[in-house]
Amino acid sequence: MKKIIFKNQEQQVEILYQKEISKISESFPEHGKMFFVCDERVLEKNPQMNKLLNENVYLVKSPEKEKDLQSTIRILKFLKDNGCNRNDHLIAIGGGATTDLGGFASSIYMRGINLIIIPTSLLGQVDASVGGKTGVNFESYKNLVGSFFNPKKVIVCTNFLESLDEQEYLNGLAEILKHAIITSDNDVDTLLKNIEKITSRDNDFLEEQTKRSIEIKTKIVTEDFLEAEQRKFLNFGHTFAHGIESINQNNPILHGHAVIIGMKMALEFSYQEKFLDEESFTKSKNLLNSFKYNLSDIELDADKILSAMELDKKNDGNGINLVLLKKIGVPFLSKSNEPNKILKFLINFIDNFE
Ligand SMILES: NC(=O)c1ccc[n+]([C@@H]2O[C@H](COP(=O)([O-])OP(=O)(O)OC[C@H]3O[C@@H](n4cnc5c(N)ncnc54)[C@H](O)[C@@H]3O)[C@@H](O)[C@H]2O)c1
């Protein structure tokens, strides 16, 4: 069992890596009662999990649909009715939707009880479980209600990734690719040299890469807990991606898939604007093109994407905030007050998009 500890504000978060699912209970707390909020599909696909849980299990059947205030209230009631106290533990097991929901409930029950996260999707492991954001969707707004609340522990077990659907796996991989591109040539080279291991979900390589990706995100969010300068680099590709997600609302697409297109746009835009050198451009593009993302059903319409980008909550009304790239490992923040230039770029990009 390998362990990394980092301090976030005054709290300490332990990140534990466990290769085998059957051994994750070795990291369960020794004192206090445990209450599980668990993705039902994860239990179905990994029946050996049943032995590790007690009778206090709240099952989440449709994670993203149930990530709301009604389910939060049901979890609070589940905790109260089963005698959960201040020193007990909520253990959230599942993808990002389940851990966001469980995390939010644990942050408000008795003003916060101990939270342990066991992320089972790749997105959950490299993104949602790091950074202390919890929350639920409200009306039609994603993550509108939530809190900053760190878990005591995150237990990462890449064995869970074997049962993930192909496109769900690629969804999480987008974050690993992004973390590499904004961090260093070395990280990008390692991924490029190991495409086969990534595609075949080689457990050892995935453990190394989830660890590396978590380290990158942890470093950024620890230095900058409440979304200031550095943390914004994590939004590389995201302004475009949010625009794409927003216009596909009626036929929702996976976030990572929008981010892949968003990163391709950010790279191309950086290159056309002469910020980005050719070698970095080609290498990053090769990396993003190495995997079988199913992007065919995604609507891309330049006018609509631009309108959605202009409405993005991360803009302050004085232009469109973009994270662009100077070279691999050197992202920077840029504000554009030239919507027509972005529109022209989008039209051209979409015309040539395969
Ligand atoms: N808190 C944060 O900082 C943060 C960051 C990024 C994303 N998020 C949130 O995370 C959510 C997306 O995460 P996600 O992609 O994990 O979504 P998810 O939790 O909906 O999981 C995706 C699908 O994979 C299934 N699944 C999960 N683990 C599995 C496994 N091991 N085997 C088989 N199936 C499995 C789930 O049942 C679900 O059908 C969104 O709600 C997003 O807002 C939060």
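1. The protein divides into domain 1 (2-163) and domain 2 (170-351), with bounds taken from an automatic or database domain assignment. The centres of the two domains, taken over C-alpha atoms, are 27 Å apart. The contact involves 20 residues of domain 1 and 19 residues of domain 2, two residues being in contact if their C-beta atoms, placed from the backbone, lie within 7 Å.

2. This is a predicted model, in which local features need pLDDT of at least 70 and side-chain atom pairs count only at pLDDT 80 or more, while totals for chains, interfaces and linings use all residues. Residues are numbered from 1 along each chain as its sequence is written.

3. On the side of domain 1 that touches domain 2, α5 gives the most, with 5 residues; β1 (2-8) and β2 (11-17) are among the elements that each supply at least two. Helices (H or I, at least four residues) and strands (E, at least two) are DSSP runs, numbered from the N terminus.

4. The ligand is surrounded by 28 residues, the closest being G95, G96, A97, S121 and A128; a residue is near a molecule if its C-beta atom, placed from the backbone, lies within 6 Å of it. Elements that each supply at least two residues of this shell include α4 (96-108), α5 (122-128) and α6 (166-183).

5. Helix α11 (residues 238-247) is largely enclosed by the rest of the structure, because 9 of its 10 residues are buried, that is, have 20 or more other C-beta atoms within 10 Å of their own, with C-beta atoms placed from the backbone. The cover over these buried residues includes α12 (255-272), α14 (302-311) and β10 (320-327).

Note on methods. A residue is buried if 20 or more other C-beta atoms lie within 10 Å of its own, exposed if 12 or fewer, and partly exposed in between; C-beta atoms are placed from the backbone.
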